[in-house]
Amino acid sequence: MWIKITLRTLLLSYFSELYLKLEDVTRRFLRPCIMDVKIGRRSYDPFASKEKREEQISKYPLMEEIGFLLLGMRVYQINSDSYITHDQFYGRSLGKDTLKYGLSRFFHNGQELQRHAVSLIISKIRSILRWFEIQTQLHFYASSLLLVYEGSPHTINKSKHKPADPATEHQQGEPQSKALSFQSSLTHSPPYCHDIQHERNTNGKHGGSIEEQDEEIGMGDKKQFGQEETVKVKMIDFAHVFPSDSPDESYMYGLRNLLSTLEQILKD
């Protein structure tokens with residue numbers, strides 16, 4: 001089970017409350033396919049020691065050039081009614097020439113490439129990129145996107161069947177079991193975490209009035225290919241987020257390269 005921990009921090013005029021919420025992000029999926037992608041040209045923050053920087057760079061020297069790293073994936077296979085998984089070592093083994101193929105495996109169900117999932121995920125990542133292009137309050141380091149799509153072909157016909165038995169999962173490294181998702185009352189709130197409505201409090205500052213809507217698959221989202229959306233894209237992991245007064249060029253670089261690679265997969 002994949003869990004996200006939603007952290008919403010509000011301090012007086014900037015944030016007002018602190019609490020945690022656990023949520024199973026795959027709860028509305030029959031056959032969830034899941035991937036964790038680290039975003040940005042650096043996986044260490046500005047205050048990291050020299051040793052820490054060297055350690056992180058050595059893990060994936062291409063991070064500076066590519067801008068993202070596949071940390072793990074779990075993909076449903078139709079023929080065997082089971083999952084295959086790849087861990088972070090699989091992602092680190094991918095070079096510039098094999099990255100597109102490595103990423104495309106996340107969208108292959110053993111029979112065909114799930115092009116509708118690629119297209120819908122591209123749309124959601126573009127929305128996140130648009131937010132980063134206007135926000136100048138935060139810089140994200142070692143943060144990720146959690147990508148989820150429905151692997152079952154029967155959801156369109158609303159067929160009901162039991163989830164695949166975890167015992168039949170073909171494991172090539174364990175995927176991460178938990179994810180951390182962040183949301184705050186920023187002037188421009190990041191998409192695909194929660195729906196935000198800003199209200200001014202008595203001192204004229206923006207406080208957090210956060211309304212969570214029921215996240216039924218496809219409800220409230222744009223429909224494509226005549227089907228309700230069966231994908232989620234979540235920003236996760238915020239242990240290294242720092243205040244800033246400039247755009248987060250590193251994170252945007254990673255998003256753009258990820259989008260470019262996904263678009264190439266869609267064209268092939």
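**Salt bridges and a pocket: a conversation**

Modeller: Helix α1 contributes the most to the lining of the second largest pocket, with four residues. Keep in mind that this is a predicted model.

Colleague: Glad to start there! Which elements each supply at least two residues of that lining?

Modeller: They are α1, α2, β4 (68-77) and α3. The second largest pocket is lined by 26 residues, and K38, S43, Q56, K59 and L71 lie nearest its centre. Its volume is about 480 Å³.

Colleague: How do the residues of that lining divide into nonpolar, polar and charged?

Modeller: There are 10 nonpolar, five polar and 11 charged residues in the lining of the second largest pocket.

Colleague: And E54, where is that residue found?

Modeller: E54 is found in helix α1, residues 50-59. The C-alpha atoms of E54 and Y44 are separated by 9.4 Å, with the two residues 10 apart along the chain.

Colleague: What makes E54 partly exposed?

Modeller: E54 has a relative accessible area of 46%. Buried means under 20% and exposed means over 50%, so E54 counts as partly exposed.

Colleague: Let's turn to the salt bridges. How many does a search of the whole structure find?

Modeller: Seven salt bridges. One of them joins the side chains of K96 and E65.

Colleague: Why is the K96 and E65 pair called a salt bridge?

Modeller: The cut-off is a Lys or Arg side-chain nitrogen within 4 Å of a carboxyl oxygen of Asp or Glu. For K96 and E65 the N to O value is 3.2 Å, so the pair qualifies as a salt bridge.

Colleague: Nice. Where in the chain do K96 and E65 lie?

Modeller: K96 is in the loop between α3 (88-92) and α4 (99-104), while E65 is in helix α2 (residues 63-66). The two are 31 residues apart, and the pair links distant parts of the chain.

Colleague: What makes E263 and R126 a salt bridge?

Modeller: Their closest N and O atoms are 2.9 Å apart. That value is within 4 Å, so the pair counts as a salt bridge.

Colleague: Which parts does the pair of E263 and R126 tie together?

Modeller: E263 lies in helix α6 (residues 249-267) and R126 in helix α5 (residues 115-134), so the pair ties together parts 137 residues apart in sequence. E263 is partly exposed at 27% relative accessibility, and R126 is partly exposed at 39%.

Colleague: How do you know that R256 and E133 form a salt bridge?

Modeller: The closest N and O atoms of R256 and E133 are 3.2 Å apart, and the cut-off is 4 Å, so this is a salt bridge too. R256 is in helix α6 and E133 in helix α5, 123 residues apart. R256 has 37% relative accessibility and counts as partly exposed; E133, at 42%, is partly exposed as well.

Colleague: Last one: what is the average pLDDT of the protein?

Modeller: The average is 76, and 65% of the residues score at least 70. Over residues 156-162 the pLDDT is below 50, and this stretch has eight contacts beyond near neighbours in sequence. Residues 171-187 also have pLDDT below 50, with 67 such contacts in the model.

Notes:
Residues numbered from 1 in each chain as written. Predicted model: local features only at pLDDT ≥ 70, side-chain atom pairs only at ≥ 80, totals over all residues. Heavy atoms only, no water. pLDDT = per-residue confidence, 0-100. Contact = heavy atoms within 4.5 Å. Buried < 20%, exposed > 50% of the residue type's maximum accessible area, 1.4 Å probe, protein only. 1 Å grid on protein atoms, 1.4 Å probe; cavity = no way out; pocket = protein on both sides within 12 Å on 5 of 7 lines; lining within 4 Å. Points joined across faces, edges and corners; volume = space filled by probe spheres on them. Nonpolar A, V, L, I, M, F, W, Y, C, P; charged D, E, K, R; others polar.
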